[in-house]
Amino acid sequence: SFGKYGLFMGRNVKNRDSQYSDYIYASLGLYNEAHRLAWESMTEMGLSVTTLKKLVAYNLIMGRSDIAQKFNSRLSRTLFYSHYYDEISGSIEKNKNSCSPQRKAYFVNINNIGADMAYLIEDGEITKDRVDCLLTSLLLDNRVVAFGRYLPMASEFYPAGLPLLYEQALLLLRQRFSGKMSVSERSEQQYTAYVNAYKRSKGDPSQMVQFADTYYFYLNFISPNGSKIFEK
């Protein structure tokens, strides 16, 4: 898939790749969604030790100790992974006795993952993975102006300098944001080279393959939204 839909694996649970798509949501702290995908994978592909361990972990994180114990008990009956049952049982008991409230369940809209990340970030739950997911989703959706508004959040995660992709998008907003964040000389030179090459090629992508890994190329030739930059 192109555009923002290319950020995640599809939800075709009959595809073996679906067994790993839950890891992406877990890295974003969306454990309820990760649990759902792991469960669907188990019902379609069959029970496996890897899936059992993930279901134990996700339920434990969300404070559902009783459900975590049900999955964990299945591991106790395996030949090679019974030790995992012993290791995790202590954590489950500790979780049961904890006074911490159950983690709030949150279902994600995969068709608009950027909006979900913006909601969580603005609610104060800021992580590097969430910021990167939001910024990348905005860029893939041609929402460069909105990207510029959220970009300052990324600076604390990249003290040595922004990724080239972010700098390339920032250069498109030079007039509006150039005073807030610096851009490397490499990105400046690359942008100038791209503009010159675009003029020489008269917009022919086959003559600009050396820039195929840049955001400029994506915006001009690949984005399903065309080359228009949206204001919101």
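Student: Why is Tyr-166 called buried?

Tutor: Buried means under 20% relative accessible area, exposed means over 50%, and partly exposed is in between, with a 1.4 Å probe and protein chains only. Tyr-166 has a relative accessible area of 3%, so Tyr-166 is buried. Keep in mind that this is a predicted model, where local features need pLDDT of at least 70, side-chain atom pairs count only at pLDDT 80 or more, and totals for chains, interfaces and linings use all residues. Residues are numbered from 1 along each chain as its sequence is written, and side-chain values use heavy atoms, leaving out hydrogens and water.

Student: What makes Tyr-158 and Tyr-166 an edge-to-face pair?

Tutor: Rings of Phe, Tyr and Trp (its six-membered ring) pair if their centres lie within 6.5 Å; planes under 30 degrees apart are stacked, over 60 edge-to-face, and the rest tilted. Here the centres are 6.2 Å apart and the planes are at 90 degrees, so the pair is edge-to-face.

Student: And why do Tyr-215 and Tyr-218 count as stacked?

Tutor: Their centres are 5.9 Å apart with 25 degrees between the planes, so that pair passes as stacked. Both tyrosines, Tyr-215 and Tyr-218, are buried. They sit three residues apart in helix H12 (residues 215-222), so about one helical turn separates them.

Student: Which residues do ring pairs link into a cluster?

Tutor: Tyr-191, Tyr-194, Tyr-198, Phe-211, Tyr-216, Phe-217 and Phe-221. A search of the whole structure turns up 11 aromatic pairs.

Student: Is Phe-80 buried or exposed?

Tutor: Phe-80 comes out at 63% relative accessibility, so Phe-80 counts as exposed. You'll find Phe-80 in the loop between helix H4 (65-75) and helix H5 (82-97). Helices are DSSP runs (H or I, at least four residues), and strands are too (E, at least two), numbered from the N terminus.

Student: How many helices and strands does the chain have?

Tutor: The chain has 12 helices and zero strands.

Student: How much of the chain is buried?

Tutor: Buried residues are 41% of the 232 residues in the chain.
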